[in-house]
Amino acid sequence: MSGHSQFKNIMYRKGAQDAKKAKVFAKLARDITIAAKSGLPEPDKNPRLRLAIQAARAESMPKDNIERAIAKASQTAGGSDYVSVRYEGFGPGKVAVIVEAMTDNKNRTVGNVRTIFGKRGGMMGDAGSVAFNFERIGFIQYPASVADSDKIFEAALEAGANDVVSDEEHHEIETLPDDLNAVTETLEKEFGTPSASRLDWKATVKTEITDKETAQKLLEFIDALEDDDDVQRVYHNADFSDEVMAALEAE
């Protein structure tokens, strides 16, 4: 499951994430609005909306913000349509990177992403240029507080999951892509709505990062991508050495 909580042990990066809370809320609100437009604006009758709301709550998004995002779905009927796009390339240290975005203007988004790659020591590639370093999986996440690791592990495997990794903060469950919905629905009956349920990219071929300077450039590169309003998620295949991890955590 390595790669989903890609830098959770690099504590100094958390401050940068907290500083971007407004941007996080904006992206979550857009997810909620799009989900509400895709079906009924009622969480109980719209699984996609229910998951979007749960993800927002997991980030402590205020209730008023969530309600405004749902209301916006009806207010923007017939307006801009968002589409999912994916970009691939290499970051500092020749790390393979996949960028997933949601946009109503592909020209704007590809221009912004290409600029970040160019200015931050990366190189944008064609579709398929790095995807062979990853595999498509289903990803489900619960907070650690819902149950102990043994209970989650047994329930997830019985539901059809492939793997479960638990730590002090989360339970992360991996499934085959086609099994994601069925496993999610089964686990919801016992543990409630997960904080995340989506298709993800999991690195199968890793690129080792052995020096602190490259690691810092890579972190800044990924932060710049995540800071773009249209970018939803960034995946990479970096494998930080123990020495680099220790150096980053010491700052």
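The model is predicted.

**Aromatic pairs**

Begin with the aromatic side chains, among which the structure holds 2 pairs. Select Phe117 and Phe221. The ring centres of Phe117 and Phe221 lie 5.1 Å apart and the planes stand at 80 degrees, so this pair is edge-to-face. Colouring by secondary structure places Phe117 in helix H5 (residues 106–119) and Phe221 in helix H8 (residues 212–227); the pair therefore ties together parts that are 104 residues apart in sequence. Phe117 and Phe221 are both buried.

Select Tyr142 and Phe191 next. Here the ring centres of Tyr142 and Phe191 are 5.9 Å apart with planes at 65 degrees, so this pair is also edge-to-face. Tyr142 belongs to strand E4 (residues 134–143) and Phe191 to helix H7 (residues 180–191), and the pair links distant parts of the chain, 49 residues apart. Are these two residues buried or exposed? Tyr142 counts as buried, at 1% relative accessibility, and Phe191 is buried as well, with a relative accessible area of 11%.

**Salt bridges**

Turn now to the charged side chains. How many salt bridges does a search of the whole structure find? The search finds 11, and the tour visits some of them.

Select Asp229 and Lys23. These residues form a salt bridge whose closest N and O atoms are 2.7 Å apart. Asp229 sits in the loop between H8 and strand E9 (231–236), whereas Lys23 is in helix H2 (residues 21–38); the pair links parts of the chain 206 residues apart. Asp229 counts as partly exposed at 46% relative accessibility, and Lys23 likewise counts as partly exposed at 30%.

Move along to Asp230 and select Arg108 with it. The side chains of Asp230 and Arg108 meet in a salt bridge at 3.0 Å, N to O. Because Asp230 lies in the loop between H8 and E9 and Arg108 in helix H5, this pair ties together parts that are 122 residues apart in sequence. Asp230 counts as buried, at 4% relative accessibility, whereas Arg108 counts as partly exposed, at 34%.

Arg30, Asp104, Arg108 and Asp230 are linked in a network of salt bridges.

Glu213 is exposed, with a relative accessible area of 52%, while Lys217 is partly exposed, at 43%.

**The negative surface patch**

Together, Asp148, Asp150, Glu154, Glu158 and Glu190 form a negative surface patch. Which helix gives the most to the negative patch? Helix H6 (residues 149–159) does, with 3 residues. Finish on Glu154, which is found in helix H6. Glu154 is exposed, because its relative accessible area is 56% and the cut-off for exposed is over 50%.

Notes
Residues are numbered from 1 along each chain as its sequence is written. This is a predicted model: local features need pLDDT of at least 70, side-chain atom pairs count only at pLDDT 80 or more; totals for chains, interfaces and linings use all residues. Side-chain values use heavy atoms; hydrogens and water are left out. Patches are made of residues with over 30% relative accessible area and no salt bridge: like charges are joined within 9 Å, nonpolar side chains (Val, Leu, Ile, Met, Phe, Trp, Tyr) within 5 Å. Accessible areas come from the Shrake-Rupley method with a 1.4 Å probe; for residues, only the protein chains shown count as cover. A salt bridge is a side-chain nitrogen of Lys or Arg within 4 Å of a carboxyl oxygen of Asp or Glu. Lys and Arg count as positive and Asp and Glu as negative; His and the chain ends are not counted. The place of a charge is taken as NZ of Lys, CZ of Arg, CG of Asp or CD of Glu. Helices (H or I, at least four residues) and strands (E, at least two) are DSSP runs, numbered from the N terminus. Buried means under 20% relative accessible area, exposed over 50%, partly exposed in between (1.4 Å probe, protein chains only). Rings of Phe, Tyr and Trp (its six-membered ring) pair if their centres lie within 6.5 Å; planes under 30 degrees apart count as stacked, over 60 as edge-to-face and the rest as tilted.
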